[in-house]
Amino acid sequence: MDTPLAESGIIGTAIGLALRGYRPVCEIQFDGFVFPGFNQITTQLAKMHARSNGNLTVPVVIRIPYGGGIGSVEHHSESPEALFAHTAGLRIITPSNPHDAYWMIQQAVDCQDPVIVFEPKRRYWLKGEVDTEAPGHAADPFKAHVLREGTDATVVAYGPLVPVALAAANAAEEDGRSVEVIDLRSISPLDFDTVTASVRKTGRLVVAHEAPTFGGIGGEIAARISERAFHSLEAPVIRVGGFHMPYPVAKVEEDYLPDIDRILEALDRALSY
Amino acid sequence: MGTHLPSTEFDGTAVDDQREADAEAVMGEPPAQMVQLLGPDGKLGADPVYSQYADKLTPERLRGLYADMAAIRRFDVEATALQRQGQLALWVPLTGQEAAQIGSGRASQPQDYIFPTYREHGVALTRNVDLAELLRQFRGVSNGGWNPKDTNFHLYTLVLAAQTLHAVGYAMGIQRDQKLAAAAGGARQEPDAAVIAYFGDGASSEGDVHESMVFASSYNAPVVFFCQNNHWAISVPTNVQTRVPLSNRAKGYGFPGIRVDGNDVIAVHAVTEWALEHARQGKGPVLIEAFTYRVGAHTTADDPTKYRPSAEEDAWRAKDPLLRLEKYLRAEGLADDDFFARVKADGDELAAYVRRTTHDLETPDIRSAFANTYAEAHPLVAEELAWFEEYEAGFAGVDSSAEQGQAAAKAGH
């Protein structure tokens with residue numbers, strides 16, 4: 001349905017619809033425009049179940065196209081997932097391919113908790129196989145998926161950087177390095193078990209996301225994996241991400257966005273220990 | 001034009017009057033016509049639209065409205081005392097706003113759904129919320145305290161105006177339910193319902209109020225916006241929030257706006273009943289501005305003597321909602337001394353119940369917070385709970401020896 005152009009209004013009325021028993025799916029047109037709705041998402045939507053002592057559920061889904069690489073103007077290329085992942089009560093997922101997107105949006109609608117689906121907008125035109133009969137690895141939207149097995153290092157990525165990580169792993173293979181690639185798929189909850197198991201095998205971890213590294217998901221993964229797999233780590237966990245700056249203008253975004261070479265450089269560093 | 005700049009200097013309602021006159025002179029903005037049926041003198045007047053609603057109030061219902069107002073005022077006194085005695089962390093008094101809350105709450109039907117702010121204790125009473133449960137939030141043992149599904153009275157919302165959007169969304173849900181029922185073709189099971197969104201003059205400046213009125217108007221949602229203009233947003237007077245009567249704002253959204261004497265319980269009841277009928281009949285939203293006054297402090301952490309003169313408070317006390325209804329009931333021979341004595345005794349009984357129950361309000365276990373963060377299992381919450389249990393278990397021996405020590409001390413060893 002069309003709505004008046006007001007993000008707080010979209011989220012706030014969706015909460016009301018959910019209280020009446022509906023399962024609204026909201027669309028925020030671009031990442032940078034979610035902030036007028038930030039109050040409703042963080043102070044209302046995320047807390048409603050807890051503050052009602054479990055009496056109320058608000059199964060609202062919020063779709064947010066996110067990420068850069070499309071040459072767009074200001075506020076159209078951001079990756080604000082960490083701001084939401086920090087808020088208890090929300091679930092954050094991000095599909096990286098058509099099959100996952102097909103299943104994960106439906107699973108988000110089925111979920112009793114509010115779910116934010118971060119959709120990597122530069123993957124919108126990607127074509128890929130979708131098995132509409134069986135979800136396969138996508139049976140659980142909150143589980144990571146090991147896309148490529150390897151023995152020398154692990155690269156964890158999600159959303160738009162998954163194909164970049166895969167390409168980097170393929171390039172590394174030409175240099176004789178065996179790199180495991182994990183598509184995180186879910187950011188909250190975060191499947192630390194799958195990442196930990198991989199790091200126990202490879203001993204090295206690189207985390208890549210478009211969002212700035214400072215205060216980002218990569219830092220959380222680095223800290224948790226250091227606690228869980230300290231004795232397996234042969235090198236510090238290395239993060240590849242955006243810089244601590246407002247998302248830059250489109251003409252220089254190539255220098256901002258992590259690419260194959262930036263991931264390979266991080267792998268080099270991890271493997272140099 | 002200088003005289004039209006927002007004044008942050010205190011000037012009380014005289015400034016309101018002046019500013020509204022200015023608005024009329026500068027913009028052709030009409031002054032608000034305030035609906036009043038029962039004046040401060042206790043005389044019942046007439047209104048071409050609303051008298052027919054007032055006429056439906058039987059003597060018994062009028063006495064009931066008085067008893068409700070007296071009960072909630074007594075409750076307010078008790079809750080304030082409980083805060084002063086350290087039994088509540090904070091209290092948000094409502095004294096002065098009894099007519100606005102009881103009148104509107106009693107006009108609602110069980111199938112209607114109410115979204116309050118955090119001061120609607122009177123409305124809670126009309127929705128049969130256990131008033132002791134209402135105190136859970138203020139005692140710090142719950143962020144809610146009651147199950148809204150039991151009473152259709154939503155939890156208090158502390159982030160100003162956020163609930164106005166929830167109200168409109170809920171009303172949009174009612175519309176969809178009606179369409180689905182019609183499409184199913186069966187006989188209508190549910191009576192038509194509407195929603196009331198409460199907010200105040202301070203919250204009227206929040207963007208969410210604007211957006212909620214835009215959405216309500218666009219979808220013609222069955223919602224009544226009930227603004228209690230109590231003249232003070234903590235220390236900020238209403239004339240800093242608006243240059244026009246708040247009720248006039250409805251015109252900009254394309255639905256009716258009515259200013260009602262918020263200290264006149266008969267008029268508030270009549271106007272709200274009309275507005276709810278209007279909404280339930282599919283005619284769209286209504287804004288009601290109940291012109292009232294917060295006689296006490298914003299909360300127990302506030303001291304209004306710092307920012308407003310007692311003369312203003314005295315002027316409003318003369319418009320007291322209970323006194324005027326008492327005058328009317330006595331003059332018409334609808335209630336006698338026995339009635340008022342009984343109301344007072346009932347109030348004291350309620351206060352004693354609330355005091356007794358407040359002391360017994362159970363402190364929750366933090367495990368319930370782990371349990372209620374998500375509706376479905378979440379591995380991080382499970383992991384942190386497991387850590388917490390293990391951490392707590394580490395103190396098991398320490399605790400019991402400390403308890404034994406205390407027990408020994410009590411036993412005189």
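A residue here is buried if 20 or more other C-beta atoms lie within 10 Å of its own, exposed if 12 or fewer, and partly exposed in between, with C-beta atoms placed from the backbone. The model behind these legends is predicted, so local features need pLDDT of at least 70 and side-chain atom pairs count only at pLDDT 80 or more, while totals for chains, interfaces and linings use all residues. Residues are numbered from 1 along each chain as its sequence is written, and chains are lettered from A and ligands numbered from 1 in the order in which they are written.

**View 1. Val398(B), an exposed residue in helix 18 of chain B.** Val398(B) sits in helix 18, residues 396–410 of chain B; helices (H or I, at least four residues) and strands (E, at least two) are DSSP runs, numbered from the N terminus. Val398(B) has 9 C-beta neighbours inside 10 Å, so it counts as exposed. Ala32(B) is 366 residues away from Val398(B) in sequence, and 68 Å away in space, C-alpha to C-alpha.

View 2. Chain B carries 18 helices and eight strands. Of its 413 residues, 43% are buried. Take the contacts in chain B between residues at least 6 apart in sequence: 78% of them join residues at least 24 apart. Two residues are in contact if their C-beta atoms, placed from the backbone, lie within 7 Å. As for pLDDT (the predictor's confidence in each residue, from 0 to 100), its mean over chain B is 91, and 89% of the residues reach 70 or more.

**View 3. The two ends of chain B, where pLDDT stays under 50.** Where pLDDT is low, the predicted coordinates should not be read in detail.

**View 4. The face that chain A turns to chain B.** The predictor gives the complex an ipTM of 0.95 and a pTM of 0.93. Across the interface, 33 residues of chain A are in contact with 37 residues of chain B. On the chain A side, helix 1, helix 2 (38–45) and helix 3 (48–51) each supply at least two residues. Helix 1 of chain A gives the most, with nine residues. By class, that side of chain A has twelve nonpolar, 18 polar and three charged residues. For these classes, Ala, Val, Leu, Ile, Met, Phe, Trp, Tyr, Cys and Pro count as nonpolar, Asp, Glu, Lys and Arg as charged, and the others, Gly among them, as polar.

**View 5. Helix 1 of chain A against helix 9 of chain B.** Helix 1 (residues 7–19) of chain A and helix 9 (residues 162–184) of chain B pack at about 55 degrees, with their axes 6 Å apart. Axes are lines fitted to C-alpha atoms, for helices over the stretch in contact, and angles run from 0 to 180 degrees between N-to-C directions. The two helices are therefore oblique to each other; under 35 degrees counts as roughly parallel, over 145 as roughly antiparallel, 65 to 115 as roughly perpendicular and the rest as oblique. Helix 1 of chain A makes a right-handed crossing with helix 9 of chain B. A crossing is right-handed if the near helix is turned clockwise from the far one by less than a right angle, and left-handed if anticlockwise. Residues in the contact include Gly9(A), Gly12(A) and Gly16(A) from helix 1 of chain A, plus Val168(B), Gly169(B) and Gly173(B) from helix 9 of chain B. The contact of these two helices holds ten nonpolar, eight polar and no charged residues.

**View 6. Helix 3 of chain B against helix 4 of chain B.** The axes of helix 3 (residues 59–84) and helix 4 (residues 98–107) of chain B come within 10 Å and cross at roughly 130 degrees, which makes helix 3 of chain B oblique to helix 4 of chain B. Their crossing is right-handed. Among the residues in contact are Asp68(B) and Arg73(B) of helix 3 of chain B, and Glu98(B) and Arg106(B) of helix 4 of chain B. By class, this contact has five nonpolar, one polar and four charged residues.

**View 7. Asn220(B), a residue with positive phi.** Phi of Asn220(B) is near 55 degrees, a positive value in a residue other than glycine. The loop between helix 10 (207–219) and strand 4 (223–229) of chain B holds Asn220(B).
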